Each structure stands twice: as C-alpha cells, then as structure tokens.
Amino acid sequence: MNKPSFFEIVTAPYYFCIGDYEQKYAGVRAMYYLCHALNELGQEAYILGAEMDVMHLRCPRLQLKDFKRHQQGQYAPIMVYPEVVSGNPYNMPNVVRWLLNKPGLLGGDKELSESEMVFVYTADYMPEGTQLPLLSIPVVNDSIFHNINNPYDLKREGTVYYANKYLCDGG
C-alpha cells in the first residue's frame, strides 16, 4: 500500500462561494469561519467571489494556479453554497448547500435540489417536512464581552440590547 506524499493533496478541496467578509452578517461570518476551520484542520479550502483578504482568518481566495493543480490531480472540489445562491453557478459536480437562513427568504431557490448534500445551521431554518443534518459554527467572538483585566470593568453601567433581527422583522 502506497502512503500519500506529504506534498500531495489527499482529499478533495473545498470551494466556498461567498462575497467579501462583512462582520455585520452572521451567515457570511459562518461561511468564512468554516473555511478557516477546515484549513486549520489540514484540509484545503478556498473562497470564490471575494475581492479582499481577511487578515485574521485563513481563507485564501482561489487562484488560477490552485484550480489548475486541482484539475490536473483530478480532484473534484466540494462546492459549498449558502442558501442565497441559486442553482450551481460554478457547475461543480459535488455541491453542498448550507442553509444559513430559510431557503428563498433572502434570495436563492426555495426548493432544495436532490442532487445536493444539504446542511442546516439551526433547526429554525429547516424546511418543513425535512430532516437535515445540523452544521453549526460559532459566529460571535464572545471574548470581546469577557475581557480580562480591563480597567473599565468596574466603571461600566447600563444595559445594551441588540435588536437587529427584531427590527428587520418590523418590530
């Protein structure tokens, strides 16, 4: 049995179809964080569609040289689309759809394709009558709320409420 070379790809790479990183969107952060986590775990994962690099995350943009290397090695990438992307615009053979919201609510298709492997971020986004696997990743860096040795800790007062989704839903 041949052992894989340290310098060769031994698994299919992951391609994430997502635009530029924006801190204000949890779905965008989830896609970037999953890409980052896969890279940190030794997989090969790339971002497609983004124009900028995110310095604090290991989420490289797919370069032509990498794409050609994958083709030459006959590795069929695993394309990860969020629910807001309609169909399979990159025409990839292996598609994973990650429902980061209800299908069709903010764009994309309302109906799921049977040819795709589908994961859902939370049971709240599960289409009625389906049973899909959950794939959740933390999207809030709670260290900003639990800072250690902050000289202002004893001077804080008041309460803060975050009501973005409440307000967006007409509340």
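Colleague: In what order do the 5 strands form the open sheet?

Modeller: The order is E2-E1-E3-E4-E5, and the pairing is parallel. Strands of a sheet pair through backbone hydrogen bonds, either parallel or antiparallel. Strands here are DSSP runs of E, at least two residues, numbered from the N terminus. Two strands pair if DSSP finds at least two bridges between them.

Colleague: Which are the edge strands?

Modeller: Strand E2 (45–48) and strand E5 (117–120); each pairs on one side only. This is a predicted model: local features need pLDDT of at least 70, side-chain atom pairs count only at pLDDT 80 or more, and totals for chains, interfaces and linings use all residues. Residues are numbered from 1 along each chain as its sequence is written, and side-chain values use heavy atoms, leaving out hydrogens and water.

Colleague: Over how many bridges do strand E3 and strand E4 pair?

Modeller: Over 5 bridges, in the parallel sense. Strand E3 covers residues 78–82 and strand E4 covers residues 94–99. Take Tyr81: its bridge partner in E4 is Arg97.

Colleague: Now the cysteines. How many disulfides does the rule count?

Modeller: A disulfide is a pair of cysteine sulfur atoms within 2.5 Å. By this rule the count is 0.

Colleague: Is Cys35 buried or exposed?

Modeller: Buried means under 20% relative accessible area, exposed over 50%, partly exposed in between (1.4 Å probe, protein chains only). Cys35 has 0% relative accessibility, so Cys35 counts as buried. Cys59, at 7%, also counts as buried.

Conventions. Helices (H or I, at least four residues) and strands (E, at least two) are DSSP runs, numbered from the N terminus.
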